[in-house]
Amino acid sequence: MAPHLDSPPPVGSFSNGVQRTSSRPDTPDFTQGVSLPSLSQSLETLSMKDDFHLKRPLVPGVYVPTLVFFDEETEDLDTSAIAHHAVQLARAGVTGLATQGSNGEAVHLTHVERQLVTFTTRKALNEAGFSHMPIIVGCGSQSTRETIEYCREARKAGGDYALVLPPSYYAGMFTPASGTIIDYFTEVADASPIPLIIYNYPAAVNGGDLSSTVVSKLAQHANIAGVKLTCGNTGKLNRVATAARKMTKNYDHDKPKFLVLAGSADFAMQSLVAGGHGMIAGLANVVPKACVKIIELYRAGRLDEAMKLQDLVSLGDWAAIQGGVVGVKAGLQAFKGYGGYARRPLPRPTPEQTKQMVDGFKDLLIVEQRL
């Protein structure tokens with residue numbers, strides 16, 4: 001979801017008190033018998049299977065930064081819900097999934113938990129017949145060394161691409177700033193066993209905003225496969241998409257060497273007009289079919305219909321932006337019966353706040369149910 005700076009906080013303060021159904025859906029546990037201590041052994045066993053480490057190219061479409069689910073009492077990972085959600089999204093027609101993003105509460109997870117989430121997602125997709133679907137894994141960290149470690153762990157757990165934010169904690173000491181950032185991504189890409197996707201999300205990195213010049217230069221690296229632009233800057237997106245086309249002989253929009261993705265659903269169609277290839281959108285956790293439909297309508301030349309749907313999606317995304325991961329989980333809980341809460345210290349909304357957030361999705365959900 002785009003980091004709109006005019007987004008107000010949800011009304012009032014969050015607290016406990018809203019009644020929920022269980023976040024654990026009635027679905028088989030795809031990770032039965034897999035505990036945190038036994039994860040390494042399970043990874044070694046599954047990595048030997050033919051469908052675990054396939055070559056899964058990035059293609060245009062809708063990628064979903066998946067939510068992560070917890071037991072509402074213990075806050076332990078709910079692997080059954082994680083698996084269920086991944087399969088439901090795949091069946092809705094999305095192109096790929098992304099674990100360990102902001103919607104996936106990566107900052108709340110340990111290294112081992114991150115691997116378990118990706119492993120659970122990969123195993124669930126494979127067993128449900130979606131072994132072809134790529135998984136992008138959030139791997140950014142403050143040091144080059146740990147970022148590379150996350151990339152290696154992501155590959156071992158079944159990830160295909162690493163989504164990497166630029167470091168920000170010591171950004172004031174980067175001299176020159178653009179040179180430090182280019183060196184960082186280059187060193188990580190040189191060492192990573194999976195290709196990188198650059199993640200430009202200024203709100204998450206103290207306002208650091210990668211320029212189109214920096215992104216276009218990094219796009220030339222053989223192990224950097226794309227960019228997610230959550231800055232909402234369609235001019236930048238157009239410049240990057242243009243540069244990517246020019247650096248590729250016999251450019252094929254359906255099989256791009258460098259994928260340019262909008263980081264939010266509220267400018268999905270605008271990004272397509274600007275030469276982008278799709279989106280990585282948190283809203284797609286709740287309304288995946290609507291997000292996919294925008295792209296289908298645009299590609300079919302049905303622009304009036306695409307624009308009408310974009311209007312509804314933008315309104316729904318505004319509700320998601322205002323509520324953040326708390327609001328997206330509230331919407332999923334209300335409409336699908338699972339979602340639960342985020343890990344502390346993220347707040348739990350009151351019934352009044354939950355209703356306010358859920359009401360923002362209602363019109364869009366009516367459309368989603370018809371698709």
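**The kinked helix**

Author: Helix α10 has a kink of about 125 degrees, centred on Gly324. Keep in mind that this is a predicted model.

Reader: What do the ends of α10 show about its span?

Author: Helix α10 covers residues 303–336, which is 34 residues. A straight helix would reach 50 Å at 1.5 Å a residue. The end C-alpha atoms of α10 are only 30 Å apart, short of that value. Gly337 follows the helix, and its phi is positive, near 85 degrees.

Reader: Why is Ile321 called buried?

Author: Buried means under 20% relative accessible area. Ile321 has 12%, so the residue is buried. Ile321 lies in α10.

**The parallel strands**

Reader: What makes β3 and β4 a pair?

Author: Two strands pair if there are at least two bridges between them. Strands β3 (residues 135–138) and β4 have three, in the parallel sense. Val137 has Ala162 of β4 as its bridge partner. From β3 the chain passes through helix α4 (residues 144–156) to β4, a right-handed β-α-β crossover.

Reader: How many bridges join β4 to β5, and in which sense?

Author: There are three bridges, and the sense is parallel. Strand β5 spans residues 196–200. Its Leu196 stands opposite Ala162.

Reader: Why is the unit of β4, α5 and β5 called right-handed?

Author: Point the strands away from the viewer; a path from the first strand over the helix to the second that runs clockwise is right-handed. The unit of β4, helix α5 (residues 177–191) and β5 has that hand.

Reader: Which way do the residues of β4 point, and are they buried or exposed?

Author: Tyr161 and Leu163 point one way from β4, Ala162 and Val164 the other way. All are buried.

**The whole chain**

Reader: What share of the contacts in the chain with a separation of 6 or more comes from residues 24 or more positions apart?

Author: Their share is 77%. A contact here means heavy atoms within 4.5 Å. The chain has twelve helices and eight strands. Of its 371 residues, 57% count as buried.

How values were computed
Residues numbered from 1 in each chain as written. Predicted model: local features only at pLDDT ≥ 70, side-chain atom pairs only at ≥ 80, totals over all residues. Heavy atoms only, no water. Buried < 20%, exposed > 50% of the residue type's maximum accessible area, 1.4 Å probe, protein only. Helix = DSSP H or I, 4+ residues; strand = E, 2+ residues; numbered from the N terminus. Expected span 1.5 Å × (residues − 1). Bend = angle between axes of the 7 residues up to and from the residue.
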